[in-house]
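Have a glance first, then read on.

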Amino acid sequence: MLKYSIRRLLGMIPMLILISIVVFSLAKLMPGDSLSGEIDPLNTDPQYIAEMREKLGYNDPLPVQYVNWISGFVQGEFGKSTRFQIPVFDLIMEKIPNTLLLGITALIITYIMAFLMGMYSGRRPYTLGDNAIAGFNYVMLAIPSFVAAVFAIYIFAFQLNWFPFAGSVDILAEQGSFEYYLSRMHHVLLPAIVLGAMSTASYTQFLRNDIIENSRKDFVRTARAKGTPMKKIYNVHILRNSIIPLVTFLGFDFAALIGGAIITETIFTYPGIGQLFLESVTSRDYPTLMALTMLLSFLTLFGNLLADILYGVVDPRIRLD
Amino acid sequence: MASSTTITQQKKPERSLSPWQIARRKFIRNKLAMISSFFIVLVTLMSLSAPFLAPVLSPLPDISKVNIGAMSIEPNGEHLLGTDKSGRDVLTRLFYGGRISLLVGFSATLIVITLGTAVGALAGFFGGFIDSILMRFTDFVLNFPFLVFVIVLNTILYGIVDGLWVLIMVIGALSWGGVARLVRSKVLAEKENEYILAALSIGCSPFKVITKHLLPNVVSTIIVQGTLIFATMIVIESALSYLGFGVPQATPSWGNMLSSANEPDVLQGKPWIWMPPAIIITLTILSINFIGEGLKDALNPKSLR
């Protein structure tokens, strides 16, 4: 297993290099100085630009520029944001807690919803309740997340006034106080529900099918023969076996949450990585854009790798080497 | 008399149904899929006939003209779905928007299916070196954070090529990975059959074996997958347009119309502007998915219904 994981990790390196080359080429195709953000875009004096270009090494051959950029990048030198005039690294660090909070809350919501629905459906397959859950999940899967988000804001924020419709925290709340954290949770809940509901369907169906399959196995028959109550069989014996494969979904969720966060954060004007990304496109803040593209690509790659490795860890029958 | 009819019946043995006929019967019996098909046909026809329908249904058939005198009118007898903030008729824009959304969805699906099938079939059929090169490339495409790259590429190409086709090409070029993997796995299983060996041994060229013998046996999978991808592509188009990175703002598409919901006063107080596109997007996606599921059932020889 360890051997396999190491091999997969090593196999990731060429992919990372390829992606970084693509990002670098994209950056070079963009107008202006898109990597360092050191050249003042408002200063149009040709002599100033020429001097800065020479100083930043933009007249070097492309491979040299690439190596300089990538070696800086691994050390956390992401350049300077042209919009905020602060290092991109600090900018990203400032937004990451918000995105993490949103992502983790969304995951928890997905797990709770999927567990409740999946366990109910798995215990009573082909009943009215099971079909209703399947129907609900089908609709949730088909509705585009941004349409769901718009409807959620309209209904829960504007009509019912249950949740705030924008931002990540009440401006009046004092930082560090109990109200501050409460307000943060209150702000994150609605986007998290929308984001979490997207992936609930696949979890639920998987759990349902796995429970049905497991309930026909020999260990269940043995437990029943010994007189174990059905409730205990389902909640302890079967569930324990059915939970494990769900772990593999975590890796794929990683990638899905990244894409989902861009849309959800923008609609809810929630200040996280996704919103920063879109704002950096609209305000032509190329250094931020490029750093984020690199970062998000890396996270997606990492998520896919995690899913693959977990798959092998969880199910010893799968030996990919 | 009775005996003569039995004789004629015996003379004409009933022909067994072809696989396509069986599939068609199964599909027609599937109510949900049939209702969905009618809905999609209706939406397509309305979108196609938008230039003729618009002058009949609305007093303001021009979708690009701003009408200061008719801004934000609630739905009434004259404007069946009201007008938006620039005084354009919502129903008319909905019809014209359907043209763009369906066109983008359909063209992108064509690109995805063509690229995916070609790569998957070549990799699966030849195997070995070609397979590993092509599949590495597929992994590479699949590992991109899709939305991120579409937005970045769109920003770069914007203004160089016409906006609509940039979008179609970019989303098409980045989404074929899944199809390629699927087709490859199907081809791998199919090429072990003896008729492929027979075809090769009588001297058929690889191209002919792939197009004449392999692909017809994989085509049902591709059709089902294509339907589901069509739905995904419409979602991607409207999501990108909603965020402002898709179809240029001046052209009405469902996503562009929905993006008016970004303004809090429209979202809160003028639901007739954003609700129609939201509802029609959802219904279209649901219908296409139901059709896809119906096709999957109908084309699967193992499902007996």
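What follows is a short tour of chain A, the A–B interface and a helix pair in chain B.

## Chain A at a glance

Keep in mind that this is a predicted model.

As for burial, 35% of the 321 residues of chain A count as buried. Take the contacts in chain A between residues at least 6 apart in sequence: 71% of them join residues at least 24 apart.

## Where A meets B

At the interface, 31 residues of chain A are in contact with 28 residues of chain B. On the chain A side, the elements giving two or more residues are helix 1 (2–29), helix 5 (128–142), helix 6 (145–159), helix 10 (249–267), helix 11 (273–282) and helix 12 (286–314).

What is the make-up of the side of chain A that touches chain B? It's 25 nonpolar residues and six polar ones, with no charged residues.

## A helix pair in chain B

Two packed helices are described by the angle between their axes and the distance between the axes. For helix 9 (residues 177–190) of chain B and helix 11 (residues 206–243) of chain B, that's an angle of about 145° and axes 10 Å apart. Their crossing is right-handed.

Helix 9 of chain B brings V179(B), L182(B), V183(B), K186(B), V187(B) and E190(B), and they meet L214(B), N217(B), V218(B), T221(B), I222(B) and Q225(B) in helix 11 of chain B. The residues of this contact split into seven nonpolar, three polar and two charged.

How values were computed: Residues numbered from 1 in each chain as written. Chains lettered and ligands numbered in written order. Predicted model: local features only at pLDDT ≥ 70, side-chain atom pairs only at ≥ 80, totals over all residues. Contact = placed C-beta atoms within 7 Å. Helix = DSSP H or I, 4+ residues; strand = E, 2+ residues; numbered from the N terminus. Nonpolar A, V, L, I, M, F, W, Y, C, P; charged D, E, K, R; others polar. Axes fitted to C-alpha atoms, helices over the stretch in contact; angles between N-to-C directions. Left-handed = near helix turned anticlockwise from the far one by under 90°. Buried ≥ 20, exposed ≤ 12 C-beta atoms within 10 Å, placed from the backbone.
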